[in-house]
Amino acid sequence: MTLNPLLSFVSQVGQRSLQSVREVGYHAALLAEAFYWLLFGHWRRQPVRLGAVFKEAVGVGVNAIPIVALASFATGMMLAIQGIYTLRTFGAEGQVVLGIALSVTREFAPLITGIFVAGRSGSAIAARIGTMQISQEIDALRVIGINPVRYLVAPLLAAMLLTLPALTILSDLVALFGGALYCAGELSLPMGIFFERTFEVLVAEDVIHGVLKSFIFAVIVTLIGAGNGFNVSAGAEGVGQATTRAVVLGCIGIILADMVFTFLTSR
Amino acid sequence: MNATDLAIDVSHLVTHYGSRKILDDISFQARQGEIMVIMGGSGSGKSTLLRHLLGLHQPTSGSIRLLGKDITQLSADEMYDLRKNMGVAFQGGALFNSMTVGENVELPLREHTRLDENTMRIMSRMKLEVVNLAGFENLMPSELSGGMIKRAALARAIVMDPRLLFFDEPSAGLDPVVSAELDELILILRDAMNMTIVVVTHELESAFKIADRITVLDQGRILMSDTVAAVRASSNERIQSLLNRKPRNEAINPDEYMERLTREIF
């Protein structure tokens with residue numbers, strides 16, 4: 001009897017680990033299949049349609065512009081406020097431009113964009129695919145002879161890979177604008193000078209660093225959203241759980257991937 | 001019966017869900033141009049059998065030959081070609097909610113053919129005429145009633161003029177008049193287009209009205225697969241109780257009963 005709780009704990013840990021490994025494997029297979037259809041669908045008589053890619057791009061990218069712009073503007077301004085507050089201790093307020101320029105392009109713009117797209121679209125993807133799963137629409141696609149990954153996931157992945165980097169660059173500009181606006185008020189630093197100094201300190205590599213991250217985030221958001229949607233089995237509650245998981249895992253995945261990427265490239 | 005005019009030939013099909021056996025040694029045939037009704041109570045395995053016939057799952061063992069091809073052995077490309085000759089109307093319709101009725105019906109044409117836009121539209125309207133839904137092509141699925149959804153799903157299933165049509169529970173959730181109309185429609189499709197039609201149902205009245213032959217499933221096994229008259233005349237107890245809507249009165253084994261109640265209690 002005394003062994004029972006320990007045994008069940010160990011077996012639970014084992015089952016959880018197995019489940020996690022299985023899930024990672026599943027998402028990797030999903031990624032490989034989505035890329036396969038994007039690249040070779042044409043030869044298999046099942047091309048990924050450009051119209052579908054553009055439709056998704058509007059949904060996940062263009063429609064996200066207002067919210068991403070607002071969040072980026074606030075972030076830029078927040079960085080300026082904190083930067084000036086901290087640097088004042090050393091009497092080095094003038095250096096705030098360097099801090100804003102680097103942290104926005106390398107870190108904040110891709111991260112803010114990724115998290116907002118994960119919250120907006122990751123959940124929507126999971127809910128859409130999950131609902132299609134329980135109403136047998138996924139089965140209907142398969143019996144018509146349409147591969148669900150090619151039809152639902154591949155266009156989304158393409159749209160994400162197109163729009164997330166673009167949104168990140170937009171976020172760069174808006175956040176810098178937010179920082180410049182605050183500096184203009186607080187330090188009486190003309191905006192022209194702010195941007196002049198910004199472009200002096202920034203090198204292409206800083207912007208590319210952020211954009212590369214956004215490609216990784218695009219893959220994470222799409223896969224976690226779609227994967228959780230396909231695995232829905234238990235009715236409306238299942239769709240709700242999948243949606244929540246897609247957002248939580250999507251955000252966590254983005255932050256962890258960000259940390260690893262920064263660790264590997266910035267030392 | 002000659003093997004070449006068999007549209008469906010299932011032999012020794014065994015399937016599992018996890019470690020639980022769902023279908024056990026299923027064998028039956030259907031000829032081209034025949035309506036085969038698969039009948040059975042809830043939990044008899046008829047939905048599972050349908051999903052295997054559609055190639056949505058891989059069986060544990062046995063073979064399923066559709067139009068002469070064993071779908072358990074086909075490559076993805078061969079299956080893709082075979083699917084052009086198969087139409088399926090799901091129980092809940094499974095219409096794509098983001099598309100209009102017309103777009104739903106056009107989808108198979110759009111994916112499998114290179115017809116121009118107007119031809120596809122005319123063809124989808126023709127099929128909507130067949131199922132009495134003319135003029136509804138611009139509505140969304142959420143704006144349709146239950147019977148209309150089933151008919152729209154049927155229109156989508158037949159838009160490629162398939163040789164095989166599968167229909168899951170055509171009369172479930174419909175009033176008697178609408179379900180009688182659907183039965184008529186199924187008969188018309190067989191006569192006009194020489195389709196082989198597999199209907200899965202638990203509605204006796206509808207089954208006897210449309211079937212050429214009936215396969216009766218019970219607890220994952222085939223009780224019989226024969227003509228309507230033979231099924232009616234069967235002396236099998238389970239078939240008779242299914243036909244006469246008698247409840248199952250299985251004797252309870254006291255030991256098993258106690259075991260079930262006390263299982264996993266320490």
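Asp161(B) is exposed, with 12 other C-beta atoms within 10 Å. In this predicted model, Asp161(B) sits in the loop between α5 (146-158) and β7 (164-168) of chain B. Its backbone deserves a look too: phi of Asp161(B) is near 50 degrees, a positive value in a residue other than glycine.

Ser188(A), not a glycine either, has a positive phi of about 50 degrees. You will find Ser188(A) in the loop that joins α6 (148-186) to α7 (191-201) of chain A. Is Ser188(A) buried or exposed? With 7 other C-beta atoms within 10 Å, Ser188(A) counts as exposed.

Let us step back to chain B as a whole. Chain B is built from ten helices and ten strands. Its radius of gyration is 20 Å, close to the 18 Å that the globule rule gives for 266 residues, so chain B is as compact as a globular protein of that length. Along the principal axes, the C-alpha atoms of chain B fill a box of roughly 70 × 50 × 40 Å. Of the 266 residues in chain B, 38% are buried. If you count the contacts in chain B with a separation of 6 or more, 64% of them join residues 24 or more positions apart.

Now follow chain B to where it meets chain A. Here 15 residues of chain B are in contact with ten residues of chain A. On the chain B side, the elements giving two or more residues are α2 (76-83), β6 (86-89) and α3 (101-112). Which of these elements gives the most to the side that touches chain A? That is α3(B), with four residues. By class, this side of chain B has ten nonpolar, two polar and three charged residues.

Two packed helices are described by the angle between their axes and the distance between the axes. The axes of α4 (residues 96-134) and α9 (residues 235-265) of chain A come within 8 Å and cross at roughly 150 degrees. The two helices α4(A) and α9(A) are therefore roughly antiparallel to each other. Their crossing is right-handed, and the residues of the contact comprise 13 nonpolar, ten polar and one charged.

Helix α4(A) also packs with α3 (residues 65-88) of chain A, at an angle of about 145 degrees and with the axes 9 Å apart. This crossing of α3(A) and α4(A) is right-handed. The contact includes Ile67(A), Ala71(A), Gly76(A), Leu79(A) and Gly83(A) from α3(A), and Gly99(A), Ser103(A), Phe108(A), Ile112(A) and Arg120(A) among those from α4(A). Sorted by class, the contact of α3(A) with α4(A) has 14 nonpolar, seven polar and one charged residues.

Conventions: Residues numbered from 1 in each chain as written. Chains lettered and ligands numbered in written order. Predicted model: local features only at pLDDT ≥ 70, side-chain atom pairs only at ≥ 80, totals over all residues. Rg over C-alpha atoms; globule rule 2.2 N^0.38 Å. Buried ≥ 20, exposed ≤ 12 C-beta atoms within 10 Å, placed from the backbone. Contact = placed C-beta atoms within 7 Å. Nonpolar A, V, L, I, M, F, W, Y, C, P; charged D, E, K, R; others polar. Axes fitted to C-alpha atoms, helices over the stretch in contact; angles between N-to-C directions. Parallel < 35°, antiparallel > 145°, perpendicular 65-115°, else oblique. Left-handed = near helix turned anticlockwise from the far one by under 90°.
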